[in-house]
Amino acid sequence: MEPTLLYARLVGAQLRGQMQYKVSFLLALLGSFLSCVTEFGAVLVLFSRIPLLAGWSLAEVALLYGMSGICFAVAELFAAALDNFQVHIVQGSFDRVLVRPRGALFQVISEDFALRRVGRIGQAVLVMLLAVRLLSIDWTLEKGVLLAVALVSGTVIYFAIFVLGATFCFWTVQAKEATHVFTYGGDGLASYPLDIYRGSVRRFFTFVVPLAFVSYEPALYLLGRQDPLGLPDSGRLFSPVAALIMAALARYGWQLGVRHYQSTGT
Amino acid sequence: MRLYWEVARRALQRQLAYRTENLAGLVTNIFFGYLRAAVLLAVYAATTNVGGYDAQAAVTYAWITQAMIMIVALWGWWDIELTIRTGDVISDLSKPFSYVGFWLAREMGRAAYFVVFRAVPVLLAGQVMFGLHWPSSPGAWLAAGVSMLLAVVVSFGWRFLLNVSAFWTTDARGLGMVANAAVMFLGGFVVPIRYFPDWLQPVVLGLPFASIIQTPADLFVERIQGSAVPALLVGQLAWAAVLLGLAQLTTLLATRRVVIQGG
């Protein structure tokens with residue numbers, strides 16, 4: 001319980017600080033909300049011109065978009081400081097983190113709780129609710145549980161990717177932007193049916209970086225669709241396993257990185 | 001003139017120092033280019049013409065706009081706002097050159113760097129992966145080139161105004177985030193404006209944002225050609241003039257304000 005309480009206190013202090021600049025906060029909130037709204041606006045514009053995208057209807061794509069969006073935004077809420085981790089390395093402030101009597105990852109995560117991104121969660125939830133409303137899914141307990149498990153798993157997968165992205169900084173800070181391929185790029189990829197990408201890309205994001213299990217595979221199950229990749233049906237229930245593997249990798253990678261860390265000495 | 005040329009050259013040289021950063025950005029731009037092109041290509045699975053683009057033109061549209069991100073600083077650019085916050089702006093304002101001209105020259109140098117080291121490799125990657133539509137005549141290349149240049153000026157004018165708003169408000173960046181979302185959507189980056197509902201298109205095309213992305217991209221993929229080209233370029237030129245004029249005007253107002261505060 002103690003770490004949770006400490007986290008709540010640290011984050012509370014953070015938020016009080018952020019709230020000192022109310023207009024800034026509100027504008028950032030609006031900005032992040034608007035950029036998501038326009039992103040989904042693009043989907044609407046495309047579907048105003050065509051009835052189906054690679055065989056998927058607007059509501060079906062909206063389901064993918066909403067699922068990935070919720071997972072990504074929730075992960076980002078906690079991981080905002082990780083996406084900015086290079087600052088610690090450049091300024092040498094990671095030394096300070098290492099001498100404190102708490103886990104390094106825990107401390108870094110506690111530095112920023114990105115409440116300003118909450119607009120993104122709201123938007124994704126709206127899109128998903130709309131999708132569920134429009135789709136005639138025959139809801140059973142099984143499907144409800146699968147959706148809930150998929151959302152949690154997807155969040156863990158994105159969070160693990162953020163941790164791995166920060167870990168990357170222990171080796172190079174200059175190439176940090178490339179990690180956006182898997183964070184923001186991952187969300188972009190998982191917002192559309194994987195059918196539109198070529199085989200090598202689909203395989204990579206199924207078997208190497210398992211973003212397929214954030215939205216695509218669980219959605220196939222919910223919608224009762226065939227898997228064009230030819231994974232066995234059980235593959236659609238694989239999300240929690242993918243999440244566990246990613247979490248373990250992130251944990252191991254981060255520990256390796258911390259051990260590799262050499263202070264800049266400044 | 002010589003001075004501004006040197007300023008631009010230095011700005012370009014400064015960028016040359018960030019080799020690894022550029023490579024990382026390039027990887028990211030190319031990945032997103034692939035995603036955006038894949039989505040647009042899927043649109044053409046059952047149709048051959050949407051908004052006046054065929055599949056190849058649409059895919060090229062995705063790549064050329066992707067190539068332009070850094071040229072027109074689409075993700076935001078706060079170099080001037082930073083000098084206002086730190087106070088360094090005083091030294092820039094007191095130097096014997098045009099303040100707007102100084103920053104425009106710097107931006108031209110920065111843009112030139114990204115044409116060579118970002119846009120060209122991004123387009124080549126698009127060519128390898130999808131096969132792009134390239135301008136088919138020297139005239140089309142010229143029109144696209146002039147349009148890109150004007151796009152940099154229009155985008156600069158817009159960004160300049162957002163930046164110098166920091167003289168009056170501490171929330172310039174928050175404002176900028178909202179404005180950025182508008183530019184990306186209304187400029188035709190997220191999806192081409194010509195995909196929009198027909199009644200909405202003339203409105204959005206009439207805004208200055210189309211001059212930053214949609215117009216140069218349309219000229220590159222030759223969605224617009226022949227006698228319609230000069231009118232488009234004149235439109236861009238008009239927006240460039242208006243925004244630069246406003247930039248000059250706000251600089252005058254801001255300078256007065258700085259003097260009043262005593263710097």
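## Contact between the chains

In this predicted model, the contact draws 31 residues from chain B and 33 residues from chain A. On the side of chain B that touches chain A, α2 (19-43) and α8 (172-186) of chain B each supply at least two residues. The most is given by α2(B), with 14 residues.

By residue class, the side of chain B that touches chain A comprises 24 nonpolar, five polar and two charged residues.

## Fold of chain B

Chain B holds eleven helices and zero strands. Read from the N terminus, its elements follow the order α-α-α-α-α-α-α-α-α-α-α. Chain B is as compact as a globular protein of its length, because its radius of gyration of 19 Å is close to the 18 Å that the globule rule gives for 263 residues.

Along the principal axes, the C-alpha atoms of chain B fill a box of roughly 65 × 45 × 35 Å. Of the 263 residues in chain B, 51% are buried. Among contacts in chain B with a separation of 6 or more, 79% join residues 24 or more positions apart.

## Nonpolar core

The largest nonpolar core has 169 residues, and the members that touch the most others are Met67(A) and Ile157(A).

Beyond its neighbours within four places in sequence, Ile157(A) is in contact with Pro210(A), Leu211(A), Phe213(A) and Val214(A), and also with Ala242(A), Ala243(A) and Met246(A).

How values were computed: Residues numbered from 1 in each chain as written. Chains lettered and ligands numbered in written order. Predicted model: local features only at pLDDT ≥ 70, side-chain atom pairs only at ≥ 80, totals over all residues. Helix = DSSP H or I, 4+ residues; strand = E, 2+ residues; numbered from the N terminus. Rg over C-alpha atoms; globule rule 2.2 N^0.38 Å. Buried ≥ 20, exposed ≤ 12 C-beta atoms within 10 Å, placed from the backbone. Contact = placed C-beta atoms within 7 Å. Core = buried A, V, L, I, M, F, W, Y, C linked by C-beta atoms within 7 Å. Nonpolar A, V, L, I, M, F, W, Y, C, P; charged D, E, K, R; others polar.
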